[in-house]
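Reader: I would like to learn how to read this model, feature by feature. Please take me through it.

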Amino acid sequence: MPHIDVITQIGLAAGFLHLAGYFVYLRHSDIEPNPVTWLMFAYGTSLLTLLEWDSDASFAELFLPAVCSAMAVWVAFRCWHRARARDATRLFPRWPQDWRDRTAFQIDLVLTAFYLAAALMLHTDVIAAQSKDAVVLIFLTAANLTTYSAFFPLLRSVSENPRGERIEPWVIWCGAYSLLGLTTYLHQGEFFTVLIMYPVQSAVLHGLVAYLARPSRRARYAALAPAG
């Protein structure tokens, strides 16, 4: 196994690469972040970072999720601020207009409640030993499904109209999560572990957004847009 310093360096590289993706993302004024997805990113990644920290994840494994949670909160705040600028009479943005986004948000809240309850039961040891396997299964299933429910509004919107996103930051983020997956594999010593599910799923989903936001699709949809 590589020396721990090498693993830490890879983990740091993943975190800084992830941060670079946010600089690219925020630099483009034509990007329209999906507010529902970014709200779920904000609380979801923050809770995940806390749970990974509580699960004794290494600094190398925690650095990228910590960067992601902090920056996701910032992007979600920017979405809220933009919505307030459009309608200053409302403290909170209107409920998602698309019923599919509303459903994804509701499912995400339920799944988050499930995995937090399961994590609390495991942490406080209030359940019998014979029930722990079932609770762990609930925790893993719910925690990983929230990744898909959080991404759904974004994937829906970018598949219907890719002009609100750009490929560059999502490619960078895909690479960052791939490095985090490598870091996790090297640190854990095996591929099939609890902590590796997050970077693998995230790399795939970020790569999918990049594919849907590729320049050729953006140009095609721009050409179809009505003049003016």
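Reader: Which side chains meet in a salt bridge with an N to O distance of 3.0 Å?

Author: First the rule: a salt bridge is a side-chain nitrogen of Lys or Arg within 4 Å of a carboxyl oxygen of Asp or Glu. Here the pair is Arg 100 and Glu 160. Arg 100 lies in helix H4 and Glu 160 in helix H5, so the pair ties together parts that are 60 residues apart in sequence. Helices (H or I, at least four residues) and strands (E, at least two) are DSSP runs, numbered from the N terminus.

Reader: What should I know about the model before going on?

Author: It is a predicted model, in which local features need pLDDT of at least 70 and side-chain atom pairs count only at pLDDT 80 or more, while totals for chains, interfaces and linings use all residues. Residues are numbered from 1 along each chain as its sequence is written, and side-chain values use heavy atoms, with hydrogens and water left out.

Reader: Are Arg 100 and Glu 160 buried, exposed or partly exposed?

Author: Apply the cut-offs: buried means under 20% relative accessible area, exposed over 50%, and partly exposed in between (1.4 Å probe, protein chains only). Arg 100 counts as partly exposed, at 27% relative accessibility. Glu 160 is partly exposed too, with a relative accessible area of 40%.

Reader: How many salt bridges are there by this rule?

Author: The count is nine. Asp 98 pairs with Arg 100, with the closest N and O atoms 2.8 Å apart. Arg 166 and Glu 168 also meet, at 4.0 Å from N to O. Arg 166 counts as partly exposed, at 22% relative accessibility. Glu 168 is partly exposed at 34%. Bridges that share partners join Asp 98, Arg 100, Asp 101, Arg 156 and Glu 160 into one network.

Reader: Now the fold. Which elements does the protein chain have?

Author: It has eight helices and zero strands. From the N terminus on, the order is α-α-α-α-α-α-α-α. For contacts, the cut-off is heavy atoms within 4.5 Å. Of the contacts with a separation of 6 or more, 81% join residues 24 or more positions apart. Buried residues make up 44% of the 228 residues.

Reader: How do I check the length of a helix?

Author: The expected span is 1.5 Å times one less than the number of residues. Helix H6 (residues 167–188) has 22 residues and reaches 31 Å from its first C-alpha to its last, close to the 32 Å expected. Gly 189 follows H6, with a positive phi near 85°. For H7, the 16 residues should span 22 Å, and the end C-alpha atoms are 23 Å apart, which agrees.

Reader: Which residues of H6 are buried?

Author: An α-helix has 3.6 residues a turn, so residues three or four places apart point the same way. The buried residues of H6 include Pro 169, Trp 170, Trp 173, Ala 176, Tyr 177, Leu 180 and Thr 184. Tyr 185, also in H6, counts as partly exposed at 39% relative accessibility.

Reader: What makes up the largest nonpolar core?

Author: In soluble globular proteins, nonpolar side chains tend to be buried together. A nonpolar core here is a set of buried Ala, Val, Leu, Ile, Met, Phe, Trp, Tyr and Cys residues joined through side-chain atoms within 4.5 Å. The largest has 36 residues, and those with the most contacts inside it are Tyr 22, Tyr 25, Trp 38, Phe 151, Trp 170 and Tyr 177. H1, H2, H3, H5, H6 and H7 each supply at least two of its residues. H3 gives the largest share, eight residues. Apart from this core lies another, of eleven residues, among them Ala 119, Ile 127, Val 135 and Phe 139.

Reader: Which residues does Trp 38 touch, leaving out those up to four places away in sequence?

Author: Its partners include Tyr 22, Tyr 25, Pro 33, Cys 79, Trp 170 and Trp 173.

Reader: Is Asp 108 buried or exposed?

Author: Asp 108 is buried, with a relative accessible area of 2%. Its place is in helix H4. Beyond four places in sequence, Asp 108 touches Met 40, Tyr 43, Thr 146, Ser 149 and Ala 150. The C-alpha atoms of Asp 108 and Met 40 are 7.6 Å apart, across 68 residues of sequence.
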